[in-house]
Amino acid sequence: MGFPATTGAPFLPYLITDKVVAPPQLHRCYSEKLALMPNCYFVNDYKRCHRDVLNKGALPRRTEFGLPEDKVIFSCSNQLYKYDPDTFHTWCNILKRVPDSVLWLLRFPPYGEANIRLQAAQAGVDPGRIIFTDVAHKDLHIRRSGLADVFLDTPLCNAHTTGCDVLWGGCPMVTLPMERMASRVAASLAYASGLGPEMVVSSQAEYEERAVLLGTNRPLRESLRARLESTRLTCPLFDTEGWVRNLERVLLRMWDIHLEGKGPRSFEVQ
């Protein structure tokens, strides 16, 4: 479960995942039999460990991180290796179409910052509209994630733990699932939050349009944030106890199949 891909290893009979990450048409991509959880397979414990995020009065302000108070802030706190040229080109298009906006990125690692700014300039975007901040302690990182208006996910390798960070922080995302497991986890997170249709798109063009719509339509953007914040304590994504119960059901089903003596097979726990 800690490795978001098939292993290709004949000695590992099962991979635990879910039907958003691994829909039927992609089962061929896995050497393992698939054990499908009823909601998102990706576990977290934010409801217990990071409840301070729920207290808006204790959250940091944008100015503490060099962020403008009066701009739409698109963000991506994924590591720089997850970027690809098409996605960054789309981000530049979004910035040009939402002129009153900035892009907030993580200096992770710092060596790529100059190249990112150069690429932005070559795409016709003022490099000053890209704001980098340093990696922070986990607690602060989660608390500041909600300062952004829209999180722009990286399609080739999604936000996984980072996706949980930003959704728990109350920041909506735009994500484009592809075929590989690592490229579909954020979509699973979004659907488990209860807001999948609002945050998951099906093409690069739709990705750009959805981000621009959220960037230019403040009532829509604020409504989506409010809905996300209101579901944090009840949605399956952050229901750790429910996740544990479902995992136990998965393991018991594996055992039942083993007792049949016919070898592993894929199954879904409803």
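Predicted model: local features only at pLDDT ≥ 70, side-chain atom pairs only at ≥ 80, totals over all residues.
Me: Where does Glu32 sit?
Reply: Glu32 is in the loop between β1 (14-18) and β2 (33-37).

Me: Is Glu32 buried or exposed?
Reply: Glu32 is buried. Yet Glu32 has no salt bridge.

Me: Which side chain of opposite charge is nearest?
Reply: That is Lys33, 10 Å away. A salt bridge needs the two charged groups within 4 Å.

Me: Which side chains make polar contacts with Glu32, then?
Reply: The side chain of Thr7 does, at 2.6 Å. The side chain of Ser31 does too, at 3.5 Å.

Me: New topic. How many residues does α2 have?
Reply: Helix α2 has 13, residues 85-97. Its span from first C-alpha to last is 18 Å, close to the 18 Å expected.

Me: What caps its N-terminal end?
Reply: Asp84 does. One of its side-chain oxygens lies 3.1 Å from the backbone nitrogen of Asp86.

Me: Which α2 residues are buried?
Reply: Among them are Phe88, Trp91, Ile94 and Leu95. The buried residues of α2 pack against several elements, including β3 (72-76), β4 (101-107) and α8 (204-216).

Me: And the largest nonpolar core, how many residues is that?
Reply: It has 81. Trp91 and Ile94 are among the residues that touch the most other members. Helix α6 (residues 185-192) gives the largest share, six residues.

Me: What does Trp91 touch, beyond four places in sequence?
Reply: Its contacts include Cys76, Tyr83, Leu103, Leu152 and Tyr207.

Terms used. Residues numbered from 1 in each chain as written. Heavy atoms only, no water. Helix = DSSP H or I, 4+ residues; strand = E, 2+ residues; numbered from the N terminus. Buried < 20%, exposed > 50% of the residue type's maximum accessible area, 1.4 Å probe, protein only. Lys, Arg positive; Asp, Glu negative; His and termini not counted. Polar contact = N/O pair within 3.5 Å; in protein donor to acceptor, adjacent residues only side chain to side chain. Expected span 1.5 Å × (residues − 1). Contact = heavy atoms within 4.5 Å. Core = buried A, V, L, I, M, F, W, Y, C linked by side-chain atoms within 4.5 Å.
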